[in-house]
Amino acid sequence: MSVTDLEIDLATYIDHTLLKPSAIAEEVKQICQQAWQYNFPAVCIYPAAVKQARELLHDKQPHVCTVIGFPTGAVTSAVKLYEAQEAMENGATELDVVINLGWAKSGESGKIYREIAQICDETGQTVKAILETTVLTNEEKRLAAEVCLDAGVAYLKTSTGWFGGATIEDVELLKEITKGQVGIKASGGIRTYEQAIALIHAGATRLGTSRGVDLLRQQNELGK
């Protein structure tokens with residue numbers, strides 16, 4: 001392990017995530033407290049928990065991030081827009097939006113563009129487009145990424161975590177496509193400090209994980 005790796009401020013990359021459908025209010029409170037304690041940039045929770053998270057974090061640094069069209073992306077554009085607008089009204093400032101994967105598979109770039117651009121334009125919030133890279137070919141990933149860039153997203157996100165997780169190869173591909181224009185969020189299956197650092201070196205600027213506190217513990221142990 002290099003000194004350079006250990007000097008990376010890992011906490012500043014982590015979207016502290018709780019996307020367990022059975023999560024209760026006490027768990028939401030816990031991740032909000034941890035996000036503030038460890039200086040994570042955001043918590044990522046379901047829309048139903050946004051109001052609670054906003055109340056807990058109203059005067060603190062972490063952003064409230066929520067998921068839209070999660071996890072399949074297969075709801076209508078009108079439903080996604082309503083969900084995004086309601087989340088914003090409830091206090092979310094970051095929106096992780098699952099693209100319509102059927103449109104990505106069939107090359108319907110205009111539909112993807114209109115859906116994502118409308119959410120970006122009408123909410124004015126930070127939008128992260130979830131590409132679900134594990135179910136797309138490289139050609140489909142490239143098309144979806146380029147369309148979402150044109151639509152005005154702030155980040156491209158690899159995965160929901162429901163159908164596989166982030167890979168080094170996918171992050172490198174997104175880095176090549178974006179050329180630093182937007183952030184890259186690697187998400188799904190990040191369980192070790194080594195994985196996290198490898199994804200950062202590959203180009204990730206955010207890491208979506210429920211194991212943020214454990215990753216910091218692993219980093220501290222390696223630094224001893």
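Let me start with the charges: D15, E94, D96, K128, K157, K185 and R206 are linked in a network of salt bridges. A salt bridge here is a side-chain nitrogen of Lys or Arg within 4 Å of a carboxyl oxygen of Asp or Glu. By that rule the count comes to 17 salt bridges.

Before going on, a word on the source. This is a predicted model, in which local features need pLDDT of at least 70 and side-chain atom pairs count only at pLDDT 80 or more, while totals for chains, interfaces and linings use all residues. Residues are numbered from 1 along each chain as its sequence is written, and side-chain values use heavy atoms, with hydrogens and water left out.

Which residues meet D96 in salt bridges? One is K128, at 3.0 Å from N to O. K128 lies in strand β5 and D96 in strand β4 (residues 94–98), so this pair ties together parts that are 32 residues apart in sequence. Helices (H or I, at least four residues) and strands (E, at least two) are DSSP runs, numbered from the N terminus. Another partner of D96 is K185, with the closest N and O atoms 2.7 Å apart. K185 lies in strand β7, so its pairing with D96 in strand β4 ties together parts that are 89 residues apart in sequence.

Are these residues buried or exposed? K128 is buried, with a relative accessible area of 0%. D96 is buried at 0%, and K185 is buried at 0%. The cut-offs are these: buried means under 20% relative accessible area, exposed over 50%, and partly exposed in between, with a 1.4 Å probe and protein chains only.

K128 has another neighbour to mention. K128 lies over the face of Y155, at 5.7 Å from the ring centre. A charge sits over a ring if NZ of Lys or CZ of Arg is within 6 Å of the ring centre and within 35 degrees of the ring normal.

R142 and E176 form a salt bridge with the closest N and O atoms 3.1 Å apart. R142 is in helix α7 and E176 in helix α8, 34 residues apart. R142 counts as partly exposed at 28%, and E176 counts as partly exposed at 44%.

Now the aromatics. Rings of Phe, Tyr and Trp (its six-membered ring) pair if their centres lie within 6.5 Å; planes under 30 degrees apart count as stacked, over 60 as edge-to-face, and the rest as tilted. How many aromatic pairs does this give? The count comes to 3 aromatic pairs. Y38 and F40 are stacked, at 5.9 Å centre to centre with 25° between the planes. Y38 is partly exposed at 29%, whereas F40 is buried at 0%.

Y46 and F70 are edge-to-face, at 5.9 Å centre to centre with 80° between the planes. Y46 is in the loop between β2 (42–45) and α3 (50–57), and F70 in the loop between β3 (63–68) and α4 (77–90), 24 residues apart. Y46 counts as partly exposed at 21%; F70 counts as buried at 15%. Ring pairs link Y46, F70 and W162 into a cluster.

F70 and W162 both come up again. A cis peptide bond joins F70 and P71, with omega about 0°, and P71 lies in the loop between β3 and α4. W162, together with V135 and F163, makes a nonpolar surface patch of about 290 Å². Patches are made of residues with over 30% relative accessible area and no salt bridge, with like charges joined within 9 Å and nonpolar side chains (Val, Leu, Ile, Met, Phe, Trp, Tyr) within 5 Å. The areas come from the Shrake-Rupley method with a 1.4 Å probe; for residues, only the protein chains shown count as cover.

Last, the backbone. Most residues other than glycine have a negative phi, and most peptide bonds are trans. E132 has a positive phi of about 50° although it is not a glycine. E132 lies in the loop between β5 (126–130) and α7 (138–151), and is buried at 0%. K179 also has a positive phi, near 50°. K179 is in the loop between α8 (168–178) and β7 (183–187), and counts as exposed at 67%.
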